[in-house]
Amino acid sequence: MRTGDPLPPVGDVLAALDTGVWRWDNRAGLVTFDAEAARLLGLPECPVTLTEAAVRSRFHPVDWNEIDGVVHLAVAEGTLAEARLRIMDDQGVVLRTVRSRSKPIVHGDPHAFELIGTLQEVSEPTPGSAALTPVTGDWRRSREAFLLDAGRALAEAGSTEEVLRVAAGLSMPGFSPDGLAVFGVGVGGDRLTVIGHHGHDPGEEGPFTDMPLDTDYPAAEVVRTGRAVYLSSPEQYRLRYQAAWPLAQRFQRQSWAFLPLIVAGRTIGTWMAAFTYPVSFTPDERSVLTTVARMLAQALSRAGITESERELTDGLQRSMLPALGPDIPGMSVAARYVPTGGGLQVGGDWYDMIPLPTGRIALVIGDVQGHDVRAAGLMGQLRIALRAYASEGHRPDAVLSRASRFLYGVTDSITYGSTGGPGKDVEKGSEAGDPRFATCLYVEADPKTGNLEIARAGHPDPAIRMTDGTVLVRPTAGGLPLGVNSDADYPTTRLTLEPGETLLICTDGLIETGGHDLDTGWARIRGILEEHGAQPTDPDRLEDLADALVRAVHGPSSHYTTGPLADRREDDIAVLLLARTGLPEAPMPARRTAMTVAQAEPERVAAARQQLRELLHDWSDEDQVDSAVLMTSEMLTNVLVHTDGDALLVAEVTGGPPRRLRAEVADASDDLPHKRHPGELASSGRGLVLMELLADRWGVDPRGEGKSIWFELYEPSAGVSRETPDDADGPSPAE
């Protein structure tokens, strides 16, 4: 060819090079081949237009899956799509291997594009180089396994910190970056900040920590354009980003990939992967990086949403929970709230401390049904109502009665939360048709005397830790949960908190979390209270006790102390501790419990038996414990059966060694019991016979109004006989 002669037509050049041309219209689903391209596909050597399905049948199925991913990657990045493909005949026999190079042309919509490219036959790779080809099965399986593991790890990450830690630990098949950084778009949308990085010394990220989006830096360009930037060599970096190169040069990397983090069509940041060795960024490598970037973007978005919701709900809950206020002379208070429920991590548990006009204080703890925003809203309203009623000077029973009426009116109103009329809300099952109730325990405490007046609305009973560490769950009279009945009554129970004793009130989350029922849950709590020192009335030690209770129920060790039920951790936990500080001025009984069993409440006999067992939890002789429970049950039952009044039980453990148990049951009847001699088939009359056989001492004492029957037992110990002590007068029954 002489100088100045025109170039030959492109078609002639391609034909001379045995190179075919093809065009794929994605919108129409048609692929057009010229004569040479048709020949390479094993078709007659003439131009032809085929459907995608017909073209797919000419390629090896594994290779077709590869080219599909490569094409979509090229469309997303605006780069060339290159792949090696095996051509098959109608019998599934491989005819030849071709190389395809194509350029996507996007028509506005990323899903509507066309490809124009070439096909050229290539020789089969040698066995030694097979592992380097993009269609090698081992490499593909390794890549798929990596992506599965990466996707699983990123999906399980629950915070931004965990997502970044997972990203830093990713080891990609065949090429692994040793420098990673995640850039995020700032709140204003005009700046780029470093969210996290790996493979750099602390402080080295300084120049990149905060930069405008119009900065001449690859990560900023990626956010502006939404397209990845691949830099295979330092020379490419230097020529393309002259201003940023001096800052990047000191890290001594050889290749860089900057990929957009896109969520719902919006670029939220950039992921940078840097390598200490040259990387050509083949289509397969770019495909892996792009897939990881997509998963990373989704994980960061989920973590951000979760953290925002947690911050919102924690702030909401904190705003509804009070500070415990000023110090109380002679008493100390500690409280904890743990929102362990699912969803928005917000629920209806609360506690409160209210100074009263009389100089006393009121402690309130409660639980509104549900673990959602509405439960939190109702809790806030109910807490304010209780505080208002208490501040007016009402007694505990009146405070709960008014609060129940208030909650009943709020949840029963058909206009609560309505925006479209009563009928519409009820039909949709919205808030108007979703009544709620709440349990509550209200304690009015006198700091001077330690007297407690308690009203309970369907809530767990309080527990008292005595000075020697013994823990008793105190049965208290109660009524229906708040909001169930507008006219509910709430009887009160009076207790005395002695110096050195600690009162525990809590929601059922502290008891039942971890699959526990009331019995096993209280046993777990009792163990924590008993083990936590002898006198936890110091404010700092009381705070430590509150922390220990929460850790035991919701900390790592709680997974090893699960109960008999399914291990569920979906209930909030609220705990309130009240300790009476100081030591008793006069010697006090080591342990003492008292309770009333009314004629209308015979079921409280069982509670009395449980109280006595708790009082004798460390008694050395189990047979004596059984005997004491039996005699106490017999005395209480006799009062309920043979009189018209209530029974008052008082039991105390004193002295030692040997320790003495004295249990006394008093009633208002003047009729004294008499020992009888029942026959073998008699169903009654054995009470005093049992007392005579089992008690070390017993007796019946007339009083001005009524009488009391009592018994004593002495704990056996090493070197001490079980005989009655010298100062005992022996049995003194009233015959």
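This is a predicted model: local features need pLDDT of at least 70, side-chain atom pairs count only at pLDDT 80 or more; totals for chains, interfaces and linings use all residues.

A: Helix 15 crosses helix 16 in a right-handed sense. Helix 15 covers residues 518-531 and helix 16 covers residues 539-554; the angle between them is about 145 degrees, and their axes lie 10 Å apart. On the helix 15 side, the contact comes from R524, I525, I528 and L529, and on the helix 16 side from L545, A548, L549, A552 and V553. Sort those residues by class and you get 8 nonpolar, no polar and 1 charged.

Now stay with helix 16 for a bit. It has 16 residues and runs 23 Å from first C-alpha to last, close to the 22 Å expected at 1.5 Å a residue. Its buried residues are L542, L545, A546, A548, L549, V550, A552 and V553. Helix 15 is one of the partners that this buried set packs against; the others are strand 13 (331-338), strand 22 (502-506), helix 14 (508-512) and strand 23 (573-580).

For comparison, look at another pair. Helix 18 (residues 622-642) packs on helix 19 (residues 687-694) at about 155 degrees, again with axes 10 Å apart. Because of that angle, helix 18 counts as roughly antiparallel to helix 19. Their crossing is left-handed. Here S627, L630, M631, E634 and M635 of helix 18 touch G687, L690, M691 and L694 of helix 19. That contact is made up of 6 nonpolar, 2 polar and 1 charged residues.

Technical notes. Residues are numbered from 1 along each chain as its sequence is written. Side-chain values use heavy atoms; hydrogens and water are left out. Axes are lines fitted to C-alpha atoms, for helices over the stretch in contact, and angles run from 0 to 180 degrees between N-to-C directions. Helices (H or I, at least four residues) and strands (E, at least two) are DSSP runs, numbered from the N terminus. A crossing is left-handed if the near helix is turned anticlockwise from the far one by less than a right angle, and right-handed if clockwise. Contact means heavy atoms within 4.5 Å. Ala, Val, Leu, Ile, Met, Phe, Trp, Tyr, Cys and Pro count as nonpolar, Asp, Glu, Lys and Arg as charged, and the others, Gly among them, as polar. The expected span of a helix is 1.5 Å times one less than its number of residues. Buried means under 20% relative accessible area, exposed over 50%, partly exposed in between (1.4 Å probe, protein chains only). Angles under 35 degrees count as roughly parallel, over 145 as roughly antiparallel, 65 to 115 as roughly perpendicular and the rest as oblique.
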